[in-house]
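Subject: Structure handover

Hi,

Here is the structure I promised to pass on to you. Please have a look at it first, and then read my notes below.

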Amino acid sequence: MPAYNEAENIVQTVKQWYPIVETSGKDCRLVIANDGSKDDTFKILQSLTESYPQLIPLDKPNSGHGATVLYLYRYAIESGADFVFQTDSDGQTDPKEFWQMFEHREDFDFQIGHRIGRQDGSSRVFVTKVLRFVVWLMFRELVVDANTPFRLMRSDKLKPIMDVIPHDYFLCNVAISAIAVKWHYNIKWYPITFKPRQGGVNSINFRRIIKIGWKAIGDFRRINKSLKGLR
């Protein structure tokens, strides 16, 4: 999980997700990267480690959501993880819906949530639809919900995709989903619930979304060119 200014949410988030990690096995870890928060997010995470021994808090300079997710993916791969599950730390996803993916972890390369009945605002729904069109335009692939922060991936399948994505790419999950589809990975999509934030303030506003989307078109074009000859 990436975390930025989540002091209001982070204790509840750890309480919600830690039982999932603990039940999944003694080798599983809940890794949360503090992305240069201006509040006490990291201090709170550090204070929780004694009660939650499988929790690993990481601290890094602020680089944005996408770059932090990529940082976490690299951390997981370099640490020898067989599978990587990613979600966000704002309490919008339901831990109970993880088990449908975990039960089939050996059956699919990627398992990705498809957000239905979203409660995070019409502007976010609009952005998701625009992203779906942009992905089709750039990659000529129809991706159900490219940017969902609820995904279980095999590390050996994620690693080659990571090699073609810029290290600081903001819409990394969009690119990863598109490449996985383009490379004909064995992918399963699951309908998931998506709740409002359980606290704090959303750091992404509509103006920033437009700016990110415009930049994404050029980035997608460069990524798509780099894919030629790889598969």
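The notes below cover the sheet, the helices on it, the nonpolar cores and the aromatic rings.

A word on the basis: this is a predicted model, with local features needing pLDDT of at least 70 and side-chain atom pairs counted only at pLDDT 80 or more, while totals for chains, interfaces and linings use all residues. Residues are numbered from 1 along each chain as its sequence is written, and side-chain values use heavy atoms, with hydrogens and water left out.

**The sheet**

Helices (H or I, at least four residues) and strands (E, at least two) are DSSP runs, numbered from the N terminus. Four strands make an open sheet in the order S4-S6-S5-S7, and the pairing is mixed. Two strands pair if DSSP finds at least two bridges between them. The edge strands, each pairing on one side only, are S4 and S7 (187-192). From one strand to the next, the twist averages 20°.

Going through the pairings:

- S4 (residues 83-87) and S6 are antiparallel, with five bridges; Phe83 has Arg154 in S6 as its bridge partner.
- S5 (residues 110-115) and S6 also run antiparallel, joined by three bridges, and Phe110 is opposite Met153 in S6.
- S5 and S7 are parallel over six bridges, with His114 opposite Pro191 in S7.

Four of the five residues of S6 are buried (under 20% relative accessible area, with exposed over 50% and partly exposed in between; 1.4 Å probe, protein chains only), so this strand is largely enclosed by the rest of the structure.

**Helices on the sheet**

Axes here are lines fitted to C-alpha atoms, for helices over the stretch in contact (heavy atoms within 4.5 Å), and angles run from 0 to 180 degrees between N-to-C directions. H3 lies across S4 and S6, and runs at about 160° to S4. H6 packs on the sheet, where it touches S4, S5 and S6, and its direction makes about 100° with that of S6.

**Nonpolar cores**

A nonpolar core is a set of buried Ala, Val, Leu, Ile, Met, Phe, Trp, Tyr and Cys residues joined through side-chain atoms within 4.5 Å. The largest has 34 residues, of which Tyr73, Phe110, Leu158, Ile161, Ile165 and Tyr169 touch the most other members. H3 (65-78), S5, H5 (122-139), H6 (155-162), H7 (172-182) and H8 (206-227) each supply at least two residues of this core. H7 gives the largest share, eight residues. Beyond its neighbours within four places in sequence, Ile161 contacts Phe110, Ile176, Ile179, Ala180, Trp183 and Tyr185. A second, separate core of 23 residues includes Ile32, Leu45, Leu48 and Leu55.

**Aromatic rings**

There are ten aromatic pairs. Rings of Phe, Tyr and Trp (its six-membered ring) pair if their centres lie within 6.5 Å; planes under 30 degrees apart are stacked, over 60 edge-to-face and the rest tilted. One of the pairs is Trp17 and Phe150, tilted at 55° with 6.2 Å centre to centre. This pair links helix H1 (residues 10-24) to S6 (residues 150-154), 133 residues apart, and both Trp17 and Phe150 are buried. They also belong to one aromatic cluster, formed by Trp17, Phe85, Phe98, Trp99, Phe102 and Phe150.

Finally, a charge sits over a ring if NZ of Lys or CZ of Arg is within 6 Å of the ring centre and within 35 degrees of the ring normal. Arg105 has its charged end over the ring of Phe102, 3.9 Å from the centre, and Lys188 has its charged end over the ring of Tyr190, at 5.6 Å.

Best wishes
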